[in-house]
Amino acid sequence: MLDVSMVSDRVADILAAHRDLEGPLLPILHAIQAEFGYIPQSTLPGIAKALNLSKAEVHGVISFYHDFREAPAGRHVLKLCRAEACQAMGADRVAAHAQGTLGVDWHGTTEDGAVTLEPVFCLGLCACGPAAMVDGRLVGRCDEVEIDALIAEVRA
Amino acid sequence: MKIYIPLDSAAVALGADALAAAVAAEARRLDREVEIIRNGSRGMVWLEPLVEVVTPQGRIGFGPMTPADVPGLFADLAVHPKALGPVEELPWMKGQTRLTFARVGIIDPLSLADYEAEGGLSGLRKAVAMDPAAIVAEVTASGLRGRGGAGFPTGIKWKTVSEAVADRKYIVCNADEGDSATFADRMLMEGDPFTLIEGMIIAGLATGATKGFVYIRSEYPVAIRVMEEACRLARAAGLLGGSVLGSGPAFDIEIRVGAGAYVCGEETSLLNSLEGKRGVVRAKPPLPALEGFLGRPTVVNNVISLASVPVIFEKGAAFYKDFGLGRSRGTIPLQIAGNVRFGGLYEVAFGLTLGDIVDGIAGGCATGRPVKAVQVGGPLGAYHPRSEFDTPFGYEEFAGKDGLIGHAGLTVFDDSADMLKQARFAMEFCAIESCGKCTPCRIGAVRGVETVDRIAKGDAAAIPLLTDLCVTMKSGSLCALGGFTPYPVMSALTHFPDDFARSKEAAE
């Protein structure tokens, strides 16, 4: 559980650091998510007040973008590309294998809280698909064997 | 000893970071002096990680490298099992006309000295001495068209912004390269970021804009890091800031990061996102050129459009225009992807046929099976069968085949592809990524998935319904997401009808 006063202090710092940007909301949301791993509901009133928006408007922006989370992810995030170039190299099969192994669907988190599985539409690795990203690390030619290795690695 | 090891995302995804660490460790073990330069990729992704060692005979390539191949780099290079010879002499490199990508893979992307030594800034030095109308005229004369996909003449867009009267104007670089099979923007930003910066500064000089944004998708962490560092270096060198090159007007660039919404690659949606709003598409008019970012006149150009500007000024509009065919002038960085033997980036003048690219350059399918279809132009592009392999690569030529070249990405599929499944995916993708503003896209895509599912269950009566839905989406959507999703769907249906002829028994 996040400490409420710690959160509001950090959010105040983040808001101050972005005060002079034109159109600062996305950079602010990225910074908050980088800090806490998600965007706590408790931060919305402060963001809204600083930018002269309603809480609903801030919520509307958060919910529009796939990147922003309203709840924490698992300890590791495994993203698998679902786009066409990776499909041509068997991405659907690899994704089904990962879902089966982890026992989760897209956006799901394993029961032990270790891994969240996310779809991604293109990592720009289209000539070495299927592509994956584990906690920000890029992986090309990610077949079933590689997926098993990645899952074993993050669960270790 | 000087060794180049790419920092490019594709090379990193195939182990370049581990390789760089292995080279450094081996050098320490042998007590050898080694300078490791992290360069961009040469674009031969099947050879990545491609390591280059500088020798008196030039830069010799080794790839695809694994850590086990590293000790051999410190022995007799001629007998190294991964030796490829001089990189410049490889057929993939010799066949290209590298104008926009001239420096990518060659220089240290974060060395301004390297950049200038390879011709960088000479275009800007010419432009800074010209008046804005002359800069616009030069870009117009080059025949450069928007490389993001729409193909709108860049010079005309710049002219509109240049002639608009406002207290502030903006240059926005669209680096939200979300189309599958495209990675040219990423490679350019990772491998030669100063070219993009130089192009944006020239756009600023041409239009009177003093502020630029590069909106990079969050899926590109390496490109974000390199661009941020390049902007910092450019500022320190006086390239960006209060006075461009010490004599020009002010111009600065800010890097912004997207948040995983495909539709933000559409220019008006991107502008809303940049302003901190939901990435919802705006109706046009007003054109962004007149009322763009924060309601001010704004140039929104793709990375490759802007990065092609420096070479146009360095070598002249006539030089650039001399390449190409018809109304498609200059060069285009083809991105060859999917199921291919040789995938990567290949910059060449417009005009190669689809067959030249797929059967020739790409060498057919990686799986060794026959090519069934090629999707050109990303998720909103058509699937082309072999019977269209004689189509020359150009904007009008592909439009004439009910397709588009888009951002010039090609995804190759072998004969195991199920085109009904691909059509379903196109609709599903549109449904997931729709911004929700217009009904044909928001509702149409959902109904499209359902209709394809009916066809998959053997309901042939749903085929005319799908066709009808595509007509509505094509003519009734606000932007290319809903408007172009019918391209992959209808091309799959038209060219591969057998995949849609499911019998009820087989489906059950």
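Predicted model: local features only at pLDDT ≥ 70, side-chain atom pairs only at ≥ 80, totals over all residues.
Residues are numbered from 1 along each chain as its sequence is written, chains are lettered from A and ligands numbered from 1 in the order in which they are written, and side-chain values use heavy atoms, with hydrogens and water left out.

Let me start with the sheet. In chain A, 4 strands form an open sheet in the order S2-S1-S3-S4, with mixed pairing; strands here are DSSP runs of E with at least two residues, helices are runs of H or I with at least four, both numbered from the N terminus, and two strands pair if DSSP finds at least two bridges between them. At the edges, pairing on one side only, are strand S2 (115-120) and strand S4 (137-139) of chain A.

Strand S1 (residues 76-81) of chain A runs parallel to S2(A), and 6 bridges join them; in S2(A), Val120(A) is the bridge partner of Cys81(A).

Now to helix H11 (residues 267-274) of chain B, which is mostly covered, since 8 of its 8 residues are buried, where buried means under 20% relative accessible area, exposed over 50% and partly exposed in between, with a 1.4 Å probe and protein chains only. Among these buried residues are Glu267(B), Leu270(B) and Leu274(B). After H11(B) comes Gly276(B), with a positive phi near 95 degrees.
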